[in-house]
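Please keep the sequence at hand while reading.

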Amino acid sequence: MTTATPGALAVASKTAGTVALAAAAAPIFTFTDEQKALLRNTYAKGATEDEFALYLQLAGTYGLDPFAREIWCIKLKAGDPALIMTSRDGYLRIAQRDPNFVGLHAAAVREGDVFEFEPATGNVVHKFGAKRGPLIGAWAIAKHKQREPVARFVSITEYNKGTGAWATYASAMIEKVAETIVLKRQFGINGLVTQEELGTMDAIDVEVIRDKGRVVEVETGEVIEDRGTPSDLPPAPPSRAQQVKSACTLADLKRPAYNALFEAQFPTMDPTDLGSLSSEQFVDLLVAIADSKK
């Protein structure tokens with residue numbers, strides 16, 4: 001995979017009818033055929049040719065690295081349009097490349113706080129109360145040198161389902177929702193959706209897909225909860241072992257060569273213990289396997 005730094009690139013989405021314009025500093029990623037095949041079989045499984053092409057185009061336009069899981073493509077149900085997704089951190093990365101980016105501010109609001117919000121001006125007065133009560137929501141402001149600030153308040157009752165990360169990290173989650181909304185509107189981000197914007201997606205620590213009774217960890221493909229999976233649902237995302245097997249097949253890398261590659265990358269670790277790798281280390285491994293065919 002290589003990168004370049006051209007001028008701003010406009011990308012039209014035929015399905016969404018939107019045009020996304022990336023900051024001039026955003027790198028454009030280019031991929032080998034082997035890397036494209038690896039991405040299709042891991043982070044864009046089930047996508048049509050058009051959806052996969054748009055996925056790669058948006059990755060390049062916004063400078064988001066698929067191998068670092070900054071952008072991915074999910075098909076929740078056969079026949080439905082694919083979701084090209086990032087996270088709040090992905091939106092923030094895009095905003096920070098804009099030379100006119102000033103800052104992003106947000107906080108959770110609880111009963112007992114002093115809170116005043118003027119939507120028309122974006123002015124916020126927020127002071128924590130001496131005795132903070134239940135969570136009410138969160139506010140966020142995205143600032144730009146040449147435009148008015150964009151500010152929003154989001155209510156906890158609209159997003160909190162009381163499950164997954166929301167059950168443990170509700171204040172952090174609702175802050176991320178507010179931040180994604182203002183970043184998207186202030187910096188004109190189109191064609192992407194974040195986990196935080198979807199009420200069915202959890203976005204802290206464990207990323208999961210919830211689809212009609214099944215809860216699947218995206219990182220490992222493990223089915224965390226299964227209350228009966230309808231037959232029309234797509235298969236669970238591939239596990240790490242399945243991703244490595246697919247990558248080795250595409251790179252024509254046999255077991256002895258894979259073991260040697262793994263040990264060169266991680267001398268103190270067991271090639272069969274993929275679960276001990278961090279997300280960054282696992283992505284490095286997949287890239288090394290893909291590059292081994294060159």
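Predicted model: local features only at pLDDT ≥ 70, side-chain atom pairs only at ≥ 80, totals over all residues.

Residues are numbered from 1 along each chain as its sequence is written, and side-chain values use heavy atoms, with hydrogens and water left out.

Me: In the open sheet of 3 strands, what is the strand order?
Reply: Strands (E, at least two residues) are DSSP runs numbered from the N terminus, and two of them pair if DSSP finds at least two bridges between them. β5 (72–74) and β12 (193–194) are the edge strands, each pairing on one side only. The pairing is mixed, and the order is β5-β6-β12.

Me: Which residue in β12 is the bridge partner of M85?
Reply: Strand β6 (residues 83–86) and β12 run parallel and are joined by 2 bridges. The partner of M85 in β12 is V193.

Me: How are α1 and α7 oriented to each other: roughly parallel or roughly antiparallel?
Reply: Helices are DSSP runs of H or I, at least four residues. Axes are lines fitted to C-alpha atoms, for helices over the stretch in contact (heavy atoms within 4.5 Å), and angles run from 0 to 180 degrees between N-to-C directions. The axes of α1 (residues 33–42) and α7 (residues 240–251) come within 10 Å and cross at roughly 155°. Angles over 145 degrees count as roughly antiparallel, and α1 and α7 are therefore roughly antiparallel.

Me: Which residues in α7 do E34, A37, L38, N41 and T42 in α1 meet?
Reply: The α1 residues named belong to the contact of α1 with α7. Their counterparts in α7 are Q243, S246, A247 and L250.

Note on methods
Parallel < 35°, antiparallel > 145°, perpendicular 65-115°, else oblique.
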